[in-house]
Amino acid sequence: MKFFIDTADLAQIKEANDLGILDGVTTNPSLMAKVGIKGEAAVTNHYKTIAELVDGDVSAEVVSTEFKAIIEEGKKLHAIHPNIVVKVPMIKEGIKALKWFSDNGIKTNCTLCFSAGQAILAAKAGANYISPFIGRIDDSNWDGLELIEQIAEIYSIQGYETEILAASIRSPLHIVKCAEAGANVITSPLESILGLLKHPLTDIGLAKFLADAKAWA
Ligand code: E4P
């Protein structure tokens, strides 16, 4: 399972990248706004910086909602860096755009997926990634992990090549459960990735080893 970080914060991207286990980055307009990126030039420059920092796919989301405009915006995003993946919303015009990008060799991530039916459509349209938002589903009192399992089963039965990119991760346990459920990729805030490190017995064990090692000195 690949690990992407879900942020536009350069310090957090660097910290995750320094761990040596980072495979890519996802952003969205809200995450870009959170770090204060405004205007086309600043947005373009920020995506370029991220793509040069990390050796892997970097999702950059279109904000257009009509086919032709999505294509034009996506082509511009794609031109920023070879690692840019065009993130397209799960809407009718988005499906048409996903097919166009697929036919024209531009990688895509279909975002805002909340059902298996949407995941089937994205796969049919040739999306490289489908992003089910598991945390937002959990927030709505449904089960996000069940959706990952269902999509994984359908994609396996049908032989779809679209990768399941579990998004809207809220905890380290989500990451573990996504690995069990058959996600190909998780995109997570840094906090949940670092949360995977934690176990009190590790801390207790290390403290004892280090204390005993003092006997060698
Ligand atoms: C990823 O591609 C999504 O934009 C992101 O994971 C959404 O997460 P949120 O539900 O925490 O905003």
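View 1. The model is predicted: local features need pLDDT of at least 70 and side-chain atom pairs count only at pLDDT 80 or more, whereas totals for chains, interfaces and linings use all residues. Residues are numbered from 1 along each chain as its sequence is written, and side-chain values use heavy atoms, with hydrogens and water left out.

View 2. A side-chain N or O atom of arginine 136 is 2.7 Å from an oxygen atom of the ligand. For serine 168 the corresponding distance is 2.7 Å, and for arginine 170 it is 2.8 Å. Of the 340 Å² of accessible area that the ligand has on its own, the protein covers 84% (Shrake-Rupley method, 1.4 Å probe).

View 3. The ligand takes up the space of the largest pocket. A pocket is an open set of points on a 1 Å grid over the protein atoms alone, where a 1.4 Å probe fits, with protein on both sides within 12 Å along at least five of seven lines. A molecule sits in a pocket if more than half of its atoms lie within 2 Å of the pocket's grid points.

**View 4. Two residues with positive phi.** Most residues other than glycine have a negative phi. Serine 168, not a glycine, has a positive phi of about 60°. Serine 168 is part of the loop between β7 (163-166) and α9 (172-181), the elements being DSSP runs numbered from the N terminus (helices H or I, at least four residues; strands E, at least two). With 8% relative accessibility, serine 168 is buried (buried is under 20% relative accessible area, exposed over 50%, partly exposed in between; 1.4 Å probe, protein chains only). Leucine 112 also has a positive phi, near 65°. Leucine 112 belongs to strand β5 (residues 108-113) and is partly exposed, at 33% relative accessible area.

**View 5. Asparagine 83.** Asparagine 83 occupies the loop between α4 (67-80) and β4 (84-89). A relative accessible area of 19% makes asparagine 83 buried. Its C-alpha atom is 51 Å from that of alanine 215, 132 residues away along the chain.

Notes: A polar contact is a pair of N or O atoms within 3.5 Å; within protein, one must be able to donate a hydrogen and the other to accept it, and residues adjacent in sequence count only if both atoms are side-chain atoms. On a 1 Å grid over the protein atoms alone, a cavity is a set of points where a 1.4 Å probe fits but cannot get out, and a pocket is an open set with protein on both sides within 12 Å along at least five of seven lines; lining residues have an atom within 4 Å of a point.
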